[in-house]
Amino acid sequence: MPLTTVDDLGAVFEVIGWGRRHADERDLAVFRKAQRRLREVFDLGAAGKDEDAVQACNGLLESHPVQPRITSHEDGGEWHMHVTGRGASPSAEYLAGAIWGLAVWMCEYGSGRFGVCADERCGNVYLDTSSNCCRRFCSERCATRSHVAAHRARKRAAPEMVTTAG
Ligand SMILES: [Zn+2]
Ligand SMILES: [Zn+2]
């Protein structure tokens, strides 16, 4: 999901079921910076730089500390956990949760399971939870698209190979 305007950020909150929350330019700047740093963790992990990935993740945890708090949004709703203090912006809440989640993954799966989609036009990141640790694409869609493209490329190359061989 592209994140270039304040409206894009509002849409993110809507998608995850928080309703369309107010977001401002400052939220957007914080969000985009965190997005770059989160991506760096995946890049480092995918490149086999385990210690650097852990360090980058720790840096994010420091910048976006978790402060657990039970709330019901003061409207008689059900009690549930939030990960940031009272009055925190939705972006601060979202990022602290995402980064905590990433850190838990890091400990559970190891940074070697962090990957960047092998489809160059995509570039999304993913967590490889396959049993054989062989995932290369972020989604089935990218895997299929990439295999079809490779197949077409082989087909195009085939006649030439025949001529050079003959
Ligand atoms: Zn809530
Ligand atoms: Zn992909």
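Me: How many aromatic pairs does a search of the whole structure find?

Reply: Rings of Phe, Tyr and Trp (its six-membered ring) pair if their centres lie within 6.5 Å; planes under 30 degrees apart count as stacked, over 60 as edge-to-face and the rest as tilted. The search of the whole structure finds four such pairs. In one of them, Phe-13 and Phe-31 have ring centres 6.3 Å apart and planes at 80 degrees, so the pair is edge-to-face. This is a predicted model, where local features need pLDDT of at least 70 and side-chain atom pairs count only at pLDDT 80 or more. Residues are numbered from 1 along each chain as its sequence is written, and side-chain values use heavy atoms.

Me: Which parts of the chain does the pair of Phe-13 and Phe-31 link?

Reply: Helices are DSSP runs (H or I, at least four residues), numbered from the N terminus. Phe-13 is in helix α1 (residues 6–15) and Phe-31 in helix α2 (residues 25–46), 18 residues apart. Phe-13 also forms an edge-to-face pair with Tyr-94, at 6.4 Å centre to centre and 70 degrees between the planes. Tyr-94 lies in helix α4 (residues 90–109), so this pair ties together parts 81 residues apart in sequence.

Me: Is Phe-13 buried or exposed?

Reply: Buried means under 20% relative accessible area, exposed over 50%, partly exposed in between (1.4 Å probe, protein chains only). Phe-13, at 0%, counts as buried, while Tyr-94 is partly exposed at 26%.

Me: Which residues of α3 are buried?

Reply: An α-helix has 3.6 residues a turn, so residues three or four places apart point the same way. In α3 the buried residues are Ala-53, Ala-56, Cys-57 and Leu-60. The face turned away from them carries the exposed residues Glu-51, Gln-55 and Glu-62.

How values were computed: Chains are lettered from A and ligands numbered from 1 in the order in which they are written. Helices (H or I, at least four residues) and strands (E, at least two) are DSSP runs, numbered from the N terminus.
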